[in-house]
Amino acid sequence: MSGPQRPLNRRVPAAPDTDGPGAPLDVAGPAPSGGAGPDPSPSDAEPAPRRRSRRPLWAALAAAFVVGAGVGAWFALPVKTVTVSGNARLSEARVRTLAGLDGRFGWLYYGAWRARGLLDSSWVQSAAVTRTFPDRVAIAVTERTPRARWQRRTGEVVAVARDGTILPGATGTGGLPLISGWGPDRVPEVLALLDTLGRYTVQTVTYTPSGVRVKLKTGSVWSGDLNALVKYAGSISMYPDRDIYIYPWGVSVQE
């Protein structure tokens, strides 16, 4: 008879460690009432209510105050008195319109940006605007004056100022020198020449690509070089009743 058999060794799985790492998570829900369940983690705690910021409210109130102050200043400090000086061709009403003062406008907000419309007129060479608290605005304009008449290639005759600006609607210009010609535009050069010949009675100035002819009350002057004409302009006084031809190298006088 054989002896008693020894029991075979068998590996028994260890009981799960519910407290150690790798333990299965309890997803069934919270512990039964009355039991001492685990403390909730900080991430599971109910968040505390946030404190509402008052900055948007203060910003809205500040914006409303600024708008209210601006509107109040507009109506409390309107421009009441406008004085215009230096105008001869333009009416006072026209100057006020160009300056943006033909209606109700706040004195506090009136400035150069508003008065810049004065320069939209060909007649206004420059303007000075002065504000006096609390409701006065003074406008002093410097107007352009007609220096000559210019006959365009179309035949139309217009008045031009010393700087070449066309002055629409100018009157009383019949006695001014008449500029005409063909070829490249030489009106700016001719206007500068008129200043040089200011002591003479210039009636017409005709320009061509080859030169300029100046018709005086008595006699005339021709030159192909304006610099030479300016240089020898004194010869006009020496020969007031002659036709003079001025060249870079000298002067020729016709009997």
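Author: P134 is found in the loop between β2 and β3. Strands here are DSSP runs of E, at least two residues long, while helices are runs of H or I with at least four; both are numbered from the N terminus. This is a predicted model: local features need pLDDT of at least 70, side-chain atom pairs count only at pLDDT 80 or more, and totals for chains, interfaces and linings use all residues. Residues are numbered from 1 along each chain as its sequence is written, and side-chain values use heavy atoms, with hydrogens and water left out.

Start with the bond itself. The peptide bond from F133 to P134 is cis, and its omega is near 10°. Most peptide bonds are trans.

Now the strands on either side of that loop. β2 and β3 (residues 136-143) run antiparallel, joined by eight bridges. Two strands count as paired if DSSP finds at least two bridges between them. Across this pair, T130 stands opposite A138 in β3. Strands of a sheet pair through backbone hydrogen bonds, either parallel or antiparallel.

The pair belongs to an open sheet of three strands, ordered β1-β3-β2, with mixed pairing. β1 (81-85) and β2 each have a single partner strand, so one side of each is left without a neighbour in the sheet. From one strand to the next, the twist averages 15°.

The largest pocket holds about 160 Å³ of space. β2 gives the most, with three residues. By class, that makes seven nonpolar, one polar and two charged residues. Ala, Val, Leu, Ile, Met, Phe, Trp, Tyr, Cys and Pro count as nonpolar, Asp, Glu, Lys and Arg as charged, and the others, Gly among them, as polar.

The pocket terms need their cut-offs. On a 1 Å grid over the protein atoms alone, a pocket is an open set of points with protein on both sides within 12 Å along at least five of seven lines; a cavity is a set where a 1.4 Å probe fits but cannot get out, and lining residues have an atom within 4 Å of a point. Points are joined across faces, edges and corners, and the volume is the space filled by probe spheres set on them.

Next, a second sheet. Nine strands form an open sheet with mixed pairing, in the order β6-β5-β4-β7-β8-β9-β10-β11-β12. β6 (166-167) and β12 (250-254) are the edge strands, and each pairs on one side only. Helix α4 (residues 187-196) packs on this sheet, touching β4 (146-151), β5 (157-161), β7 (178-181), β8 (202-208) and β9. The direction of α4 makes about 140° with that of β4. Contact means heavy atoms within 4.5 Å. Axes are lines fitted to C-alpha atoms, for helices over the stretch in contact, and angles run from 0 to 180 degrees between N-to-C directions.

Go along the pairs. β4 and β7 run parallel, with two bridges; W150 has I179 in β7 as its bridge partner. β7 and β8 also run parallel, over four bridges; here S180 partners T206 in β8. β9 (residues 211-216) and β10 (residues 220-223) are antiparallel, with four bridges, and V212 partners S223 in β10. β10 and β11 (residues 243-247) are parallel, again with four bridges, and V221 stands opposite I244 in β11.

The sheet ends in a hairpin. β11 and β12 form it with two residues between them. They are antiparallel, over five bridges. I246 stands opposite V251 in β12, and I244 stands opposite V253 in β12.

One more loop is worth a look. T165 sits in the loop between β5 and β6. Its side chain makes polar contacts with the side chain of D163 at 3.0 Å and with the side chain of R144 at 3.5 Å. A polar contact is a pair of N or O atoms within 3.5 Å; within protein, one must be able to donate a hydrogen and the other to accept it, and residues adjacent in sequence count only if both atoms are side-chain atoms. Not counting residues up to four places away in sequence, T165 touches S122, R144, A159 and V160.
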